[in-house]
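Please keep the sequence and the model open while reading.

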Amino acid sequence: MSKNETPRDPNEVLEEYEETLDSVLAEVESPDETTEDDDLSLGLPGLSLGRRDFMKAGVAAGAMGSVAGCSALTGGGGSAGSQSTPSGSGASHTVEPGEHDEYYGFWSGGHSGELRVVGIPSMRELTRIPVFNTDCASGYGYTDGTQEMLEEGGGYSWGDNHHPNLSETDGDYDGEYLYVNDKANGRIARVNLTYFETDAITDVPNMQAIHGCTVLSPDTKYVLGNGEFRVPLPNDGTDVKNPDNYTSLFVAVDPESMETQWQVKVDGNLDIVDTGKEGRWAISSAYNSEEATDIQGMTKDDRDNVKAFDIPAIEQAVENGNYEEVNGIPVVDGTQDSPLNKGDRPIVKYIPTPKSPHCVEVGPNGDYAFIAGKLSPTVTMLDLDALADSSDPEEVVAGRPRVGLGPLHTTFDGNGHAYTSLFIDSQAVKWDIEAAVEAEEGSEDPIIEKQDVHYNPGHIQALEAMTTDPDGEWLVSLNKLSKDRFLPVGPIMPDNDQLIHIGQGEEEMELVADHPAYPEPHDCVFAHKDKIDAKKVYDKDDYEETYITEEDSGVERTGESSVHVKMTTKRSEYGLPDFTVQEGDEVTLTTTNIEGVQDIIHGVAIPEHDINYAVAPQDTREVTFTADDPGVYWIYCTFFCSALHLEMRSRMIVEPAEG
Ligand code: RUQ
Ligand code: CUA
């Protein structure tokens with residue numbers, strides 16, 4: 001709205017929005033049936049609502065947060081015909097005091113920028129890992145090293161992480177690294193799982209909104225990312241007005257160097273990506289094949305092209321020099337008209353799929369990619385073997401069960417079952433994979449059961465579902481809305497991550513716990529505790545910073561207005577009881593925690609200098625700041641480390657400049 005227009009009546013705007021939704025949703029229920037005479041009603045006393053009204057309410061609630069009157073509609077969870085199961089198996093997720101969880105869960109934190117580590121099955125939050133944000137508890141973003149990494153990684157103060165991925169060797173988690181995207185700023189970060197610390201951030205050139213993100217199975221040859229937003233290439237201000245010239249990119253990043261290797265440009269908006277288990281295929285869902293810039297245009301067509309990236313064929317094209325270099329990165333043309341897609345080994349295959357499909361998850365044995373229809377009530381199964389010979393949907397689509405409304409993501413128990421989240425129905429639906437291959441397209445026969453969730457689920461993850469050998473047992477439904485599930489805490493409500501017992505797939509689903517989550521988790525990934533080897537004390541050889549001993553503690557003038565202060569920390573004293581610098585000095589303070597005992601962490605807080613960071617056992621951290629204001633500053637320890645913690649202090653004296 002331009003500044004001099006009079007503001008419009010909000011009710012009018014809402015009404016218009018509803019109309020838009022209506023047209024978008026007209027075919028949501030089924031691409032092949034009309035919904036007008038659909039007499040399914042909600043069955044709520046006093047409410048006779050067509051199914052369409054219900055869907056609209058669900059989507060509106062999801063898309064807009066809360067629309068007055070909607071909560072009553074979606075508040076019930078599920079629709080008529082829901083088959084939620086009563087509790088029965090008595091599965092316990094309680095982890096007794098002093099006992100450990102069986103699994104690590106790594107949760108994306110969405111636009112909080114952080115990751116969260118959650119124990120499964122207790123759902124206890126064990127720690128948080130700052131990635132694209134800063135964090136004053138650990139000092140991430142305050143110390144020189146982390147500040148530099150954030151600066152070189154684009155210099156933004158936040159990011160939006162959605163898809164955490166564990167590094168793999170032979171198709172199983174090797175416990176080395178976790179990779180995660182930043183949708184906001186087109187970045188990929190790496191977390192070192194020895195120390196549970198972000199150790200690299202790559203600002204990928206040419207891309208906006210890296211959304212889908214995965215590692216190439218089975219050996220993490222690349223970290224792969226989908227550019228969701230189409231932008232001009234290069235996006236430098238030329239040709240900004242003509243959306244026909246915008247493009248969406250797919251990227252491969254080296255998992256060790258974290259350098260961008262190559263990119264592939266494609267038609268349409270890329271969304272989610274997963275790979276086959278043999279290192280050949282990366283399958284990306286996509287929407288907006290129409291390449292429109294508004295919602296009506298983006299959802300006009302019945303089908304959108306899922307992309308199958310043939311990784312070795314792309315590598316070959318790069319090797320043959322079949323690319324254009326943009327901002328130093330080889331960009332290969334994977335659009336439908338590209339000559340590279342005309343030969344007998346196209347680099348990208350386009351597979352028309354209904355409708356604005358959202359997720360792609362490849363099943364445990366790598367046979368099928370499961371693509372949830374989002375605006376179609378179906379999941380499309382692509383046969384990855386058949387894909388090598390054809391991209392004809394007739395030949396590569398192995399099944400297409402009708403699972404329910406608003407399917408978004410699918411997960412697996414390793415025993416032949418798929419579990420799909422239904423955003424609009426607010427349910428998790430369990431279905432039989434082979435039955436879906438046998439059944440006719442659009443059949444509901446493969447469905448085994450449905451479980452209500454609360455409310456509007458996005459991702460759904462079962463234990464180690466992304467490996468070749470899922471563990472089943474537990475499943476988490478990451479629900480976008482919690483509505484009435486928790487004590488009211490003001491208008492920004494938590495999400496609700498729900499724990500569901502699934503056994504080995506032979507038992508009925510049983511909802512066992514609600515877990516409020518600060519905005520806004522998207523996805524999570526689980527690893528058995530034996531696959532993660534977190535160190536409790538730093539190994540100083542792992543870090544470049546100089547280790548300081550007690551003898552090293554002291555002040556060294558390094559320039560006319562710069563000093564280097566070195567000091568150790570231990571219970572309950574700093575290596576220097578006090579030190580003096582001059583007004584205007586640039587002070588570099590290096591601190592080593594010389595303790596070798598686990599869990600004895602010391603903090604270094606400098607009042608009125610905006611500095612606070614943690615130094616864990618055997619770790620060294622450094623900060624640089626300017627001592628601008630003459631005076632006395634008591635540096636103190638922020639971690640309660642001993643009975644004399646409160647006395648743990650050093651005194652920084654800043655002498656006034658002469659004259
Ligand atoms: S997305 S709710 Cu960012 Cu993974 Cu599907
Ligand atoms: Cu060291 Cu408190």
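Met258 is found in the loop between β11 (246-253) and β12 (260-266); helices (H or I, at least four residues) and strands (E, at least two) are DSSP runs, numbered from the N terminus. Met258 has a positive phi of about 60° although it is not a glycine. Most residues other than glycine have a negative phi, and most peptide bonds are trans. Met258 is also buried, with a relative accessible area of 5%. Buried stands for under 20% relative accessible area, exposed for over 50%, and partly exposed for values in between (1.4 Å probe, protein chains only).

The model is predicted: local features need pLDDT of at least 70, side-chain atom pairs count only at pLDDT 80 or more, and totals for chains, interfaces and linings use all residues. Residues are numbered from 1 along each chain as its sequence is written, chains are lettered from A and ligands numbered from 1 in the order in which they are written, and side-chain values use heavy atoms, with hydrogens and water left out.

**Backbone exceptions**

Glu464 likewise is not a glycine but has a positive phi, of about 50°. This residue is found in the loop between β27 and β28, and Glu464 is buried at a relative accessible area of 2%. One joins Ser217 and Pro218, with omega about 0°, and Pro218 is found in the loop between β8 (208-215) and β9 (223-229). Another runs from His454 to Tyr455, with omega near -10°, and Tyr455 is found in the loop between β26 and β27.

**The chain as a whole**

The protein chain has 9 helices and 41 strands. Of its 659 residues, 57% are buried. Among contacts (heavy atoms within 4.5 Å) between residues at least 6 apart in sequence, 60% join residues at least 24 apart.

Leaving out residues up to four places away in sequence, Met466 touches Glu168, Tyr173, Asp274, Lys277, Glu361 and Gln461.

In helix α4 (residues 144-152), the buried residues are Asp144, Thr146, Met149 and Leu150. Their cover includes β7 (197-203) and β39 (620-627). Just after α4, Gly154 takes a positive phi of about 120°.

**Ligand shell**

Which residues are around ligand 1? They are His162, His163, His211, Ile272, His358, His409, Gly458, His459, Lys480 and His522, where a residue counts if one of its heavy atoms lies within 4 Å of the ligand. By class, the shell has 1 nonpolar, 8 polar and 1 charged residues. In this scheme Ala, Val, Leu, Ile, Met, Phe, Trp, Tyr, Cys and Pro are nonpolar, Asp, Glu, Lys and Arg are charged, and the others, Gly among them, are polar.

**Aromatic rings**

The structure holds 12 aromatic pairs. Rings of Phe, Tyr and Trp (its six-membered ring) pair if their centres lie within 6.5 Å; planes under 30 degrees apart count as stacked, over 60 as edge-to-face and the rest as tilted. Trp107 and Phe526 have ring centres 5.8 Å apart and planes at 65°, so this pair is edge-to-face. Because Trp107 lies in strand β1 (residues 103-108) and Phe526 in strand β31 (residues 524-528), the pair ties together parts that are 419 residues apart in sequence. Trp107 is buried at a relative accessible area of 2%, and Phe526 is buried at 2%. Tyr222, Phe250, Trp262 and Phe309 form one aromatic cluster.

**Salt bridges**

There are 27 salt bridges, each a side-chain nitrogen of Lys or Arg within 4 Å of a carboxyl oxygen of Asp or Glu. The table includes three of them.

| Pair | N to O distance |
|---|---|
| Asp182 and Arg187 | 2.8 Å |
| Arg402 and Glu444 | 3.3 Å |
| Asp619 and Arg621 | 2.7 Å |

Asp182 and Arg187 are both buried, as are Asp619 and Arg621. Arg402 is buried, with a relative accessible area of 14%, whereas Glu444 is partly exposed, at 47%. Salt bridges that share partners join Glu114, Arg116, Glu125 and Arg128 into one network.
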